[in-house]
Each structure stands twice: as C-alpha cells, then as structure tokens.
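Here are my notes on the fold you sent over. Please read them with the sequence and the model side by side.

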Amino acid sequence: MGRVEGKVAFITGAGRGQGRSHAIRLAEEGANIIAVDICKNYDTVGYPMATLEDLEETKNYVEKTGQRIVTAQADVRNEAELRAALDAGLAEFGKLDIVVAQAGIAAMRPLSTVSRMFWMISSVVRPSA
C-alpha cells in the first residue's frame with residue numbers, strides 16, 4: 001500500500017478532472033474514498049459539468065485499485081447535502097482523515113463581457129432554499 005493506507009478521504013468535485021485524479025491517487029495510496037459532485041449543468045457556465053455517469057466512472061476507477069468508495073450527488077453550497085454524503089461515508093467507513101475541497105467552476109467568458117454585477121453575484125453565491 002502507500003502513504004495513506006487505512007485512511008478515509010472526503011473529496012468534492014470528484015466526478016472528473018482534478019477531483020477524480022485525487023480520488024484515484026489517494027485510493028492507489030491505500031485510502032477509502034467519499035466522493036461527491038454536483039452532477040448538474042448551469043446556464044451561466046459555458047461548458048458541461050460532470051454527470052452522474054462521470055461520478056460512477058470515478059467509482060469504478062477507485063474500485064479497480066482495491067479500495068472502497070461511497071459516492072453522492074451533492075452541491076458544496078448546500079450543507080444538508082454535504083452532511084448527508086459525509087454521514088453515508090461515516091456509516092460505511094467509521095471515520096474521516098482527509099478532506100480535499102476540489103469542487104469549483106469557472107464561468108469563462110471574455111473579460112469585456114463580464115459586468116460588475118456578475119462579479120458581485122459570483123463572489124456571494126448562496127445555496128437555494
């Protein structure tokens with residue numbers, strides 16, 4: 001095994017990209033994984049977000065390492081969703097040792113098209129009720 005053998009890692013944004021790579025690498029090093037991703041597109045973001053299928057693919061990669069994984073669709077801005085995902089992982093693994101806060105999006109567009117209001121809104125994003 002490796003440097004984190006027997007540890008449990010909670011990773012946000014694990015559907016693909018850096019979040020997925022962290023999940024796989026930590027699993028290769030011996031950690032079990034609690035993986036979450038929002039798996040939802042936004043009109044204001046100019047590229048597709050991870051899907052439930054992507055999160056399932058992350059699960060398959062982690063399981064190929066011989067480690068276990070619990071996945072959940074969760075929005076990092078929603079405390080109740082994150083708590084439910086964490087609770088499911090704790091029920092399975094009994095502890096938490098590592099947190100990787102990798103979730104994030106970038107509404108990429110030319111700077112000339114970005115209004116001051118956009119910056120104000122995106123810096124104070126609130127979860128929906």
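1. **Basis.** This is a predicted model, with local features requiring pLDDT of at least 70 and side-chain atom pairs counting only at pLDDT 80 or more, while totals for chains, interfaces and linings use all residues. Numbering starts from 1 along each chain as its sequence is written, and side-chain values use heavy atoms, without hydrogens or water.

2. **Overall make-up.** The protein has four helices and four strands. From the N terminus, the elements run β-α-β-α-β-α-β-α. Helices (H or I, at least four residues) and strands (E, at least two) are DSSP runs, numbered from the N terminus.

3. **Burial and surface.** Of the 129 residues, 36% count as buried. Buried means under 20% relative accessible area, exposed over 50%, and partly exposed in between, with a 1.4 Å probe and protein chains only. The accessible surface comes to about 7900 Å², and 53% of it belongs to carbon and sulfur atoms. These areas come from the Shrake-Rupley method with a 1.4 Å probe; for residues, only the protein chains shown count as cover.

4. **Contacts.** Take the contacts with a separation of 6 or more: 68% of them join residues 24 or more positions apart. A contact means heavy atoms within 4.5 Å.

5. **The sheet.** Four strands form an open, parallel sheet in the order S3-S2-S1-S4. S3 and S4 (98-101) are the edge strands, each with a single partner, so one side of each has no neighbour in the sheet. The twist averages 10 degrees from one strand to the next. Two strands pair if DSSP finds at least two bridges between them. S1 (residues 8-12) and S4 pair over four bridges, in the parallel sense. Within S4, Ile98 is the bridge partner of Ala9.

6. **Helices across the sheet.** H1 lies across S1, S2 and S4 and runs at about 170 degrees to S1. H2 lies across S2 and S3, at about 170 degrees to S3. Axes are lines fitted to C-alpha atoms, for helices over the stretch in contact; angles run from 0 to 180 degrees between N-to-C directions.

7. **Helix H2.** H2 (residues 52-64) has 13 residues and reaches 19 Å from first to last C-alpha, close to the expected 18 Å. The expected span is 1.5 Å times one less than the number of residues. Which residues of H2 are buried? They are Asp54, Leu55, Thr58 and Val62. They cover an arc of only 100 degrees around the axis, which puts them on the same side of H2. The arc is that of the directions from the helix axis to the C-beta atoms. The buried residues pack against H1 (17-28), S2 (32-37) and S3 (69-73). On the other side, Glu53 and Lys64 are exposed. Gly66 follows H2, with a positive phi near 95 degrees.

8. **Helix H3.** H3 (residues 79-93) has 15 residues and reaches 21 Å, close to the 21 Å expected. Ala85, Leu86, Gly89 and Phe93 are buried. Their arc is only 95 degrees, which puts them on the same side of H3. The buried residues pack against S1, S2 and S3. The face turned away carries exposed Ala80 and Ala91.

9. **Cys39.** Please look at this residue in the loop between S2 and H2. Most residues other than glycine have a negative phi. Cys39 is not a glycine, yet its phi is positive, about 50 degrees. At 12% relative accessibility, Cys39 counts as buried.
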